2 protein chains.
Amino acid sequence: MKITIAQQNYHIGNFPRNKTLICNAIEEAKSQGSDLVIFSELCIPGYPPLDLLDRIDFIEKCTQTVDEIAKECKGIAAIIGSPVINRNPEGKKLFNTAYLLSEGKILFSVNKALLPTYDIFDEYRYFEPGNQFEVIPFRGLRLALTICEDVWDEQPFDNEFEKQRLYSVSPVRELMKHKPDIIINISASPFSHTKTHARDNIFISKSKKYKVPLINVNQTGANTELIFNGSSLLVNANGQIVSRLPFFDEAIKTFTTDELFSGIAGDADTVQIPGPVELIHKALVTGIRDYFAKTNFRKCIIGLSGGIDSALVLCLAVEALGNENVRALLMPSRFSSETSVTDAEVLARRLDILYDIINIDKAFSTFEKELEPLFRGTQKDVTEENIQARIRAILLMAVSNKYGCILLNTSNKSEVSVGYGTLYGDMAGGLSVIGDVYKSEVYKLADYINREKEIIPHNTITKLPSAELRPGQLDTDTLPEYKILDSILYQYIELQKPAERITGEGIDRATVDSVIRMINYNEFKRYQAPPVLRVSSKSFGDGRRMPLVARY
Amino acid sequence: MKITIAQQNYHIGNFPRNKTLICNAIEEAKSQGSDLVIFSELCIPGYPPLDLLDRIDFIEKCTQTVDEIAKECKGIAAIIGSPVINRNPEGKKLFNTAYLLSEGKILFSVNKALLPTYDIFDEYRYFEPGNQFEVIPFRGLRLALTICEDVWDEQPFDNEFEKQRLYSVSPVRELMKHKPDIIINISASPFSHTKTHARDNIFISKSKKYKVPLINVNQTGANTELIFNGSSLLVNANGQIVSRLPFFDEAIKTFTTDELFSGIAGDADTVQIPGPVELIHKALVTGIRDYFAKTNFRKCIIGLSGGIDSALVLCLAVEALGNENVRALLMPSRFSSETSVTDAEVLARRLDILYDIINIDKAFSTFEKELEPLFRGTQKDVTEENIQARIRAILLMAVSNKYGCILLNTSNKSEVSVGYGTLYGDMAGGLSVIGDVYKSEVYKLADYINREKEIIPHNTITKLPSAELRPGQLDTDTLPEYKILDSILYQYIELQKPAERITGEGIDRATVDSVIRMINYNEFKRYQAPPVLRVSSKSFGDGRRMPLVARY
């Protein structure tokens, strides 16, 4: 028997597109003589559909699309994911369901039992948990069909306060009572560079423990913040990886059940996980590409300062969108260092992108003059720095509006964490590209960009970080060195350690307390920040919901 | 026996303050000879603590505070709410718990069984549902202690697709098996002007059905978006309201159980619900007041256009903060109508607030000039309108930064819905005061402000709405009349009706489709909007989570 994995990139609510993708894969699988083609979780609406699930018309569109696809399943079966109405009088209105389609109709369905409701997941907001655990007979095989979290009944969390066993039921244990031949897991697992090995281990441990091979089908592509890394897996009954589909790319792969049952592990080259920097790089490029493709935009604009953050974002944007779709604005002021413009120009020329230079001094002087009567007798302070940052945002947004480009935000996670940025200024943008990348990782990514030849100018990488909003300003005037800052931030944000347990070289309690104060004080800025491409286990945005008025 | 209700205003994570509030009420109850004082849900951390619940140090602070308060409970008992660690190996890490404190220690605890996870609620994100239903013996009475949603096993939703019975268990039905004498419900129910009667009916229907009196203790005050309306209730065994505590104010009230059991209904004057406009007005004033108090700010700045939205927000701010803490900036341009400045000045003088006038034409000309080389050969369009709105935001934020005022946003729900506003321009601000108030409700609130004498100038109320960003511009150039627009918006956003079922006088399908397109297209703007004071059943912000890249 032949089985096909369809690792695809769905677009939320774009039913015609998702249907076409799925039907094309069914055709391809047919042409390869496949018996069964497996798609990922909620492939019909795309994942995550969020509150579109509250709309009856949206659910009806899902149901209709499932029926249409079922009609295509003749001579081949398909497993697809879709929400379906819960007809019981009690409970949430929907189930998160996997269907086996065959002979032109729905043959079986399985409802997801474990509903992740933490971090970026809100599945219990919409879905009633399934509580039936039966295997599906299919051409002489017994399939244990599970949906994503159903195999994650035990999992490691970065926050050690989090329980490893969030659920009182283990769907796989229940299914094992019916002696399945294969575990199938359809998923929509968002990428986090700290979770790639853990994810493999979930599948490996289940296969090994129950001595049953496992097929995981993940989606790929990005939907705003969430980036799906693909990397669908075949694992044999010894818990060895037989085959891995590519990271972040679509792929359709057909294999025989003999390959799966024979238990031959794939070679290291084909199944290993790339390093975290390479993965983050791919994830960010995917994130940019899909945000534009799925919102029907082609072009972006970036404010290029000569610093490393905007240089990195520019390189990622060129890779994602092509140099013809990327333009930059250089906006020096009286406080810019001499090399700021030259470094930025060198990069823009190397990448062969359109760029313009507008000095912001005239606009700044106009505001100073207009505000003079109101500010008489006051000292210069952060107000004047913010005015400069906001003038730059006006110029960038003007180009964005006039030419239909999306402004890419270039703030990194370290500065966003401590509020080192201006709301409606450098915090502006349609998408935050590196808002989940700490400054220390920004350097690694810059080195990765330069791995074959220098693209980002050496000077941009080596100069001391500065906002250049007042004479001689350096980031370290206000912040600890990034190495120390990032370690504190990681322990506080990702690991959620209490202040007294945040430790490390060069870290003292006063610094920890001051950094935590900055993080907490600046929740109000992050509330209005653009969506952030998520690459860590705890990104700003929907995965981290903090009260603005807390005194803690 | 005497029981005291403590309807209080807690501050999230401010343990010393919450403890003081609670201990003061315990003292007051003691002095009134009370046997039991009842506080609201999660009064120890304040509600909603959101992801602070993911921090072990935060939970330890809760536990410690509960222990400290228990020590104060000598000669009196208290019911308080706090999160507590779930010691079972499986399940979510916390319970949402009500404690009975007496004799200096914790005597009983009850875990919330029904965990609202919809709209603005995310309780299953943190809490394991309780599944024990026992009455608490207390001085010869049997108390059925429930927490908020526990009595909402059946409830009406504005979206008719939502199920009325979200849960398969009814805690009250379970507790009735143990024949309680009183149902106690401690709650943290956020205000929605469409839900005040429904809320009463929940309590009335339970009392009536089971012929048991009910005591509800709600919190009051606001935590960012969420405003708690107080209105704690005593309901007798006939389902009649015996007593209602005030809306939106703190109150401590002691009564005898005889009063509750005797079944005498309170008179209409004391127990009736005020009209929706009066409630919304009180809610908004409370929301502003507490946002400032709880973030430790006193002063606000408002951009005053001469239009009705900013006029209303100014009046609300003066009521919440006092005229000495409110200042305004009038920022006319070449496109402002003659009366814009005079109307705004009349209002500012009537309210006796500090105001300044800065004409934005010079700044606008500077930007036009600087952008001229980039924009050569293009037509004027929304770009130039946005530049003006963003110049105003720079000026407002400059005053905000220089003088430590919070900028209050003045966008109404109608314009926010359809994206009729400029990101980083008039959409800026620390708090959106009327972002959950449709334009038609803005007029009603303005009339309410003027109910005794004209405060908002007649001309401000009667003139045709205009953004004044190009010559002769009117809102109706781009949008349907507000009466029609608001009806469509309400049916789409609150009721979540499919397009084909949105109907009413003057509403045709083309208009409906065009409005829905505008709503969906502008999700990206709302993503970066300030927090919105919530007064409806479906406010923008955390209660409505829409994918940005959806094609639907």
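This is a predicted model: local features need pLDDT of at least 70, side-chain atom pairs count only at pLDDT 80 or more; totals for chains, interfaces and linings use all residues.
Which residue in β14(A) does Lys2(A) stand opposite? Lys2(A) stands opposite Thr256(A) in that strand, and this pairing belongs to one of the sheets described below.

- Strand β12 (residues 233-235) and strand β13 (residues 241-244) of chain A run antiparallel and are joined by three bridges.
- Within this pair, Leu234(A) stands opposite Ser243(A) in β13(A).
- The hairpin of β12(A) and β13(A) has five residues between the strands, and in this hairpin Gly239(A) takes a positive phi near 80°.

**A sheet of chain B**

- Six strands of chain B form an open sheet in the order β6-β7-β8-β9-β12-β13, again with mixed pairing.
- Here β6 (136-138) and β13 (241-244) of chain B stand at the edges, and because each has a single partner strand, one side of each is left without a neighbour in the sheet.
- From one strand of this sheet to the next, the twist averages 20°.
- Strand β12 of chain B, residues 233-235, is joined to β13(B) by three bridges, and the two strands run antiparallel.
- Leu233(B) has Arg244(B) as its bridge partner in β13(B).

**The two domains of chain A**

- The domain assignment of chain A gives domain 1 as residues 2-264, while domain 2 is made of the segments 280-358, 395-479 and 522-527.
- The C-alpha centres of domain 1 and domain 2 of chain A lie 37 Å apart.
- Eleven residues of domain 1 of chain A are in contact with eight residues of domain 2 of chain A.
- On the side of domain 1 that touches domain 2 in chain A, the elements that give two or more residues are β10 (220-223) and β11 (226-229) of chain A, and β10(A) gives the most, with three residues.
- The residues on that side of domain 1 of chain A divide into five nonpolar, six polar and no charged.

**Two helices packed within chain B**

- In chain B, the axes of helix α7 (residues 276-295) and helix α13 (residues 439-449) come within 10 Å and cross at roughly 85°, and α7(B) and α13(B) are therefore roughly perpendicular to each other.
- Val277(B), Glu278(B), Ile280(B) and His281(B) in α7(B) meet Glu441(B), Lys444(B), Leu445(B) and Tyr448(B) in α13(B).
- Sorted by class, the contact of α7(B) with α13(B) has four nonpolar residues, one polar residue and three charged residues.

**Where chain A and chain B meet**

- Between the chains, 79 residues of chain B are in contact with 79 residues of chain A.
- The elements of chain B that give two or more residues to the side touching chain A include α2 (56-72), α10 (361-375) and α11 (382-403), and α11(B) gives the most, with 13 residues.
- By class, the side of chain B that touches chain A has 41 nonpolar, 18 polar and 20 charged residues.
- Helix α11 of chain A, residues 382-403, packs against α10(B) at an angle of about 45°, with the axes 11 Å apart, and that angle makes α11(A) oblique to α10(B).
- The contact is made by Ile394(A), Leu395(A), Ala398(A), Val399(A) and Lys402(A) of α11(A), together with Phe367(B), Leu371(B), Leu374(B) and Phe375(B) of α10(B).
- By class, the contact of α11(A) with α10(B) has eight nonpolar residues, no polar residues and one charged residue.

Notes: Residues are numbered from 1 along each chain as its sequence is written. Chains are lettered from A and ligands numbered from 1 in the order in which they are written. Axes are lines fitted to C-alpha atoms, for helices over the stretch in contact, and angles run from 0 to 180 degrees between N-to-C directions. Helices (H or I, at least four residues) and strands (E, at least two) are DSSP runs, numbered from the N terminus. Angles under 35 degrees count as roughly parallel, over 145 as roughly antiparallel, 65 to 115 as roughly perpendicular and the rest as oblique. Two residues are in contact if their C-beta atoms, placed from the backbone, lie within 7 Å. Ala, Val, Leu, Ile, Met, Phe, Trp, Tyr, Cys and Pro count as nonpolar, Asp, Glu, Lys and Arg as charged, and the others, Gly among them, as polar. Domain bounds come from an automatic or database domain assignment. Two strands pair if DSSP finds at least two bridges between them.
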